[in-house]
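Here is a colleague's note to read beside the structure. Keep the view open and find each place as it comes up.

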Amino acid sequence: MMQRRAGIVLTEKKSHLVENRLGPVMRRFGFKDTASLLAELRHGHEALVQAVIEAMTTNDSAFFRDRKTFDEFRDIVLPSLLVARASTKRLSIWCAACAAGQEAYSLAMLLDDRKLLAEGWTIDLYATDINGQMIARGEEGLYSQFEVQRGLPIRRLLTCFTQEGNSWRITPHLRRMVTFRKFNLLDSFGWLPDLDVVFCRNVLMYFDQKTRLSVIDRIADILAPDGALLVGPAESVAGVGVGFTPVENAPGLFYKARPVQLLRRAG
Amino acid sequence: MKTCLVVDDSRVIRKITCRILKELAFHTVEADNGEEALVLCRRNMPDVILLDWNLPHMSGVEFVRSVRAEKNGSVPVVLFCTTENDVSHISEALGAGADEYIMKPFDKSIIEAKFSEVGLM
């Protein structure tokens with residue numbers, strides 16, 4: 001079911017993880033054991049299916065997680081795009097597995113640093129995840145003290161969040177930059193516009209080979225010819241499907257076509 | 001190996017913090033108040049100072065101002081590590097010369113993240 005509905009492969013090695021994560025679902029739906037839960041799943045109980053999918057997805061994230069990836073976006077990808085899109089002044093970016101929104105808001109902060117909105121740019125920043133609870137958290141934009149301390153310099157915390165008790169809320173200005181939507185990567189990408197940048201980090205690794213190929217091919221379909229794909233630093237899409245080209249000394253950064261000219265921001 | 005001075009009047013917090021710092025390959029020195037910490041700094045300025053806000057004799061903010069006024073007082077990276085978690089305290093600490101701010105409770109992942117922010121890892 002997990003493979004068919006979410007593309008996630010659960011091997012025997014993960015049985016302990018599965019049991020741990022199903023515990024809260026069993027309590028919530030009143031099942032006494034996993035066998036009765038699995039039996040009900042086979043009957044297609046949709047709310048239960050969604051709860052199991054959400055329980056089985058990994059949602060750990062952090063602001064500016066794997067900092068080098070954000071440096072690559074800021075220093076390599078963005079400068080080239082700002083030149084290439086100077087006539088339209090429009091950028092479309094998609095965080096394909098955004099968890100609770102930290103990745104998307106980290107990008108919003110970097111884009112805001114460049115004052116692009118004030119300069120008349122239109123930024124379409126989409127953030128999707130298969131987990132509806134995570135999307136709701138991203139829309140809420142409220143993070144715990146623990147969450148904001150992993151990845152955010154204190155000065156950025158003060159300028160980009162307001163304190164609410166022991167929690168911190170993203171400022172309305174940054175909140176408005178991100179459009180959240182619950183979305184399964186197995187479904188059609190048809191609702192998305194042509195994209196300049198796709199972040200699809202630490203998710204392809206959970207898919208079987210067929211699903212991984214399908215997702216990568218469909219990302220290629222909606223990426224602009226000079227568009228960039230960023231995956232996790234330990235992931236690679238080189239030589240897969242349509243063939244993305246890696247960028248030297250930039251782990252996790254791939255271009256759909258080898259860019260004619262890459263501009264690296266000075267300093 | 002870089003040296004981190006841990007200034008906190010709680011022996012338990014100092015012990016937990018020093019254990020984490022040793023795992024991160026830092027040499028640790030401890031002080032339970034600001035005056036003692038200032039003496040240690042004058043004797044041998046550390047690379048990093050992890051500092052509580054509420055200390056006997058001298059507050060954490062007074063200590064930072066005193067350290068920064070020393071001849072080589074710009075050397076150490078100063079991170080507050082405190083339960084004083086509101087914006088006004090954070091702003092005051094940064095204004096006094098602190099580089100980063102850790103809000104208690106903390107764990108190893110937060111210390112690692114904050115040390116990365118200030119280029120210590």
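1. Start with the lining of the largest cavity. By class, 6 of its residues are nonpolar, 1 is polar and 3 are charged. Keep in mind that this is a predicted model.

2. Which residues form that lining? They are Val6(B), Val7(B), Asp8(B), Ile13(B), Thr17(B), Leu50(B), Leu51(B), Asp52(B), Cys81(B) and Lys104(B).

3. How many cavities of 30 Å³ or more does the whole structure hold? The search finds 1. The volume of the largest cavity is about 40 Å³. As background, a probe the size of a water molecule, rolled over the atoms, shows where empty space is left.

4. Stay with Lys104(B), one of the residues lining the largest cavity. The peptide bond that runs from Lys104(B) to Pro105(B) is cis. Its omega is near 0 degrees. Pro105(B) sits in a loop of chain B, between β5 (100-103) and α5.

5. Now turn to the largest pocket. Its volume is about 490 Å³. It is lined by 29 residues. Which of them are the closest to its centre? Look for Thr58(A), Ala97(A), Asn202(A), Val203(A) and Tyr206(A). By class, the pocket lining has 16 nonpolar, 6 polar and 7 charged residues.

6. Next, the place where the two chains meet. Chain A brings 15 residues to the contact, and chain B brings 20 residues. Together the chains bury about 1,400 Å² between them. Carbon and sulfur atoms account for 57% of that area.

7. How many residue pairs are in polar contact between chain A and chain B? The count is 9, with both residues at pLDDT 80 or more. On chain A, α8 (145-149) and α9 (154-160) each supply at least two residues of the side that touches chain B. That side of chain A divides into 8 nonpolar, 4 polar and 3 charged residues.

8. Side chains of opposite charge can pair when their charged atoms come close. Over all chains, the count comes to 20 salt bridges. One pair crosses between chains, from Glu117(B) to Arg67(A). Glu117(B) lies in helix α5 (residues 108-117) of chain B. Arg67(A) lies in helix α5 (residues 67-84) of chain A. Across the interface of chain A and chain B, 1 salt bridge is found. In the salt bridge of Glu117(B) with Arg67(A), the closest N and O atoms are 3.0 Å apart.

9. Last, a backbone detail in chain A. Which residue has a positive phi although it is not a glycine? Asn249(A) does, with a phi of about 60 degrees. Find Asn249(A) in the loop between β9 (245-246) and β10 (253-255) of chain A.

Key. Residues are numbered from 1 along each chain as its sequence is written. Chains are lettered from A and ligands numbered from 1 in the order in which they are written. This is a predicted model: local features need pLDDT of at least 70, side-chain atom pairs count only at pLDDT 80 or more; totals for chains, interfaces and linings use all residues. Side-chain values use heavy atoms; hydrogens and water are left out. Contact means heavy atoms within 4.5 Å. Buried area is the accessible area (1.4 Å probe) that two parts lose on being put together, summed over both. A salt bridge is a side-chain nitrogen of Lys or Arg within 4 Å of a carboxyl oxygen of Asp or Glu. A polar contact is a pair of N or O atoms within 3.5 Å; within protein, one must be able to donate a hydrogen and the other to accept it, and residues adjacent in sequence count only if both atoms are side-chain atoms. Helices (H or I, at least four residues) and strands (E, at least two) are DSSP runs, numbered from the N terminus. Ala, Val, Leu, Ile, Met, Phe, Trp, Tyr, Cys and Pro count as nonpolar, Asp, Glu, Lys and Arg as charged, and the others, Gly among them, as polar. On a 1 Å grid over the protein atoms alone, a cavity is a set of points where a 1.4 Å probe fits but cannot get out, and a pocket is an open set with protein on both sides within 12 Å along at least five of seven lines; lining residues have an atom within 4 Å of a point. Grid points are joined across faces, edges and corners, and a volume is the space filled by probe spheres set on the points.
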